[in-house]
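Subject: Structure for you to look at

Hello,

I am passing on a structure and, below it, some notes on what was found. Please read the notes with the model open beside you.

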Amino acid sequence: MTSVTYNKKAKKPMQQDVVFPIVNGIILCILMFVTLFPVVNTVAISFNDGIDAVRGGIGLWPRKFSTEAYNTLLSDKLTWNAFGISVARTVITTILNLFFTSMLAFALSRKEYVFRKFITLAVVLTMYVNAGLIPNFLLIHRTLKLSKTFWVYIIPTMFSCFNMIVIRTYIQGLPEALAESARIDGANDMRIFWQIIFPLCTPVLATVALFVAVGSWNQWFDTQLYNGGKKYLHTLQYLLKMKLATSMNTANAANASVDALASQAAAKSTPVTIRCAITVVSALPILLVYPFLQRYFVTGMVLGGVKG
């Protein structure tokens, strides 16, 4: 009698263990579908025939397959120029930001540095106290005279306070004996940083690099402020914004004019497919880079955010 009662009680946890994975899997599948549907739908529309895409109702697969939107987009020299500007900006900004931010983070992590608390306070205050858009514009445009130059994308983004705090916290979590043993052997601070600390900071540096690269790649507002009149300095994201505005104007003109609608129907690509094609082209590089940094992402954020 006792064994029967024990078996009945033992079945309840087993039943709960079976129900929870099923419910959890269903919920995750729904969330995955909701998350991926807009992305897959955008890709499907970009590969669809332009006139057919105007009708709408395209799901996860093109109704009439066509690459005309990509041909129209990639045949434009401005697109390749903007792509090159965005790539150069992202690469240079990421390298310089990691270089200067990590060096300052290492200096502020040293307990023997006398001014580390004062400099940390001064740097952190910039996260909370901001002069605003107009003083920033006057500083870059009039004082530094960086407008209408490529360096307006680089110099203002060479340092990040938040990234510095993340890297400094990670360095503080490393064993102090590593630096002390190297110092006993005669190594200076620069050698300790480059040969000991820097290689051990790979997870957090990869995480910060991902933050900086994504932010730099998606930036378009500074292009509009400082280089809007220079087409050879336009970034891909700014070009995307201009294409979106042009597509909306074209669509409004087509709705208001029968001749415009007829000329749009004669074209093989429409603003709908071009807009989706630009979105795919602009997002593809980050999607290709992210898998290589994903394994460092969680580790770097967790280890870099343990201590305050």
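A pocket here is an open set of grid points with protein on both sides within 12 Å along at least five of seven lines, and a lining residue has an atom within 4 Å of a point. Please keep in mind that this is a predicted model.

**Pockets**

The second largest pocket has 13 lining residues, and those nearest its centre are Val39, Thr279, Ala283, Leu284 and Leu287. Its volume is about 280 Å³. Helix 1 (2-46) and helix 14 (271-304) each contribute at least two residues to the lining of the second largest pocket. Helix 14 has the largest share of that lining, with 7 residues. By class, the lining of the second largest pocket is made of 9 nonpolar and 4 polar residues, with no charged ones.

The largest pocket holds about 470 Å³ of space. It is lined by 22 residues, and Arg89, Pro156, Thr157, Gln219 and Asp222 are the closest to its centre. At least two lining residues come from each of helix 4, helix 6 (133-143), helix 10 (202-217) and helix 11 (221-226). The lining of the largest pocket has 11 nonpolar, 9 polar and 2 charged residues.

Asn218 sits in the loop between helix 10 and helix 11. Its relative accessible area is 41%, so Asn218 is partly exposed. From Asn218 to Ala283 is 65 residues in sequence, but 8.8 Å in space, C-alpha to C-alpha. Ala283 is one of the residues nearest the centre of the second largest pocket.

**The cavity**

How many cavities of 30 Å³ or more does the structure hold? There is 1. About 30 Å³ of space lies in the largest cavity. Its lining consists of Arg110, Ile171, Leu174, Pro175, Glu176, Ala179 and Ile197. These divide into 5 nonpolar and 2 charged residues, with no polar ones.

Where does Arg110 lie? Its place is in the loop between helix 4 and helix 5. Is Arg110 buried or exposed? With a relative accessible area of 7%, Arg110 falls under the 20% cut-off, so the residue is buried. Setting aside neighbours within four places in sequence, Arg110 is in contact with Arg116, Ile171, Glu176 and Ala179.

**Nonpolar cores**

The largest nonpolar core has 25 residues, and the members that touch the most others are Ile167, Ile171, Ile192, Ile197, Cys201 and Val204. Two or more residues of this core come from each of helix 4, helix 5 (116-128), helix 7 (161-172), helix 8 (176-184), helix 9 (189-200) and helix 10. Helix 7 gives the most, with 6 residues.

Leaving aside neighbours within four places in sequence, Ile197 is in contact with Phe106, Ile171, Leu174 and Ile192. Another core lies apart from the largest one; it has 13 residues, including Trp217, Leu236, Leu240 and Ala277.

**Aromatic pairs**

The structure holds 16 aromatic pairs. In one of them, Trp80 and Phe83, the ring centres are 6.4 Å apart and the planes are at 80°, so the pair is edge-to-face. Both residues lie in helix 4 (residues 77-109), 3 residues apart, which is about one turn of the helix. Phe83 has a relative accessible area of 29% and is partly exposed.

Phe193 and Trp194 make another edge-to-face pair, with 5.1 Å from centre to centre and 70° between the planes. Is each of the two buried or partly exposed? Phe193 is buried, at 3% relative accessible area, whereas Trp194 is partly exposed, at 33%.

Phe193 and Trp194 also belong to a cluster linked by ring pairs, together with Phe99, Phe100, Phe106 and Phe198. Phe106 is one of the contacts of Ile197 given above.

Regards

How values were computed. Residues numbered from 1 in each chain as written. Predicted model: local features only at pLDDT ≥ 70, side-chain atom pairs only at ≥ 80, totals over all residues. Heavy atoms only, no water. Phe/Tyr/Trp six-rings, centres within 6.5 Å; stacked < 30°, edge-to-face > 60°. Helix = DSSP H or I, 4+ residues; strand = E, 2+ residues; numbered from the N terminus. Buried < 20%, exposed > 50% of the residue type's maximum accessible area, 1.4 Å probe, protein only. 1 Å grid on protein atoms, 1.4 Å probe; cavity = no way out; pocket = protein on both sides within 12 Å on 5 of 7 lines; lining within 4 Å. Points joined across faces, edges and corners; volume = space filled by probe spheres on them. Nonpolar A, V, L, I, M, F, W, Y, C, P; charged D, E, K, R; others polar. Core = buried A, V, L, I, M, F, W, Y, C linked by side-chain atoms within 4.5 Å. Contact = heavy atoms within 4.5 Å.
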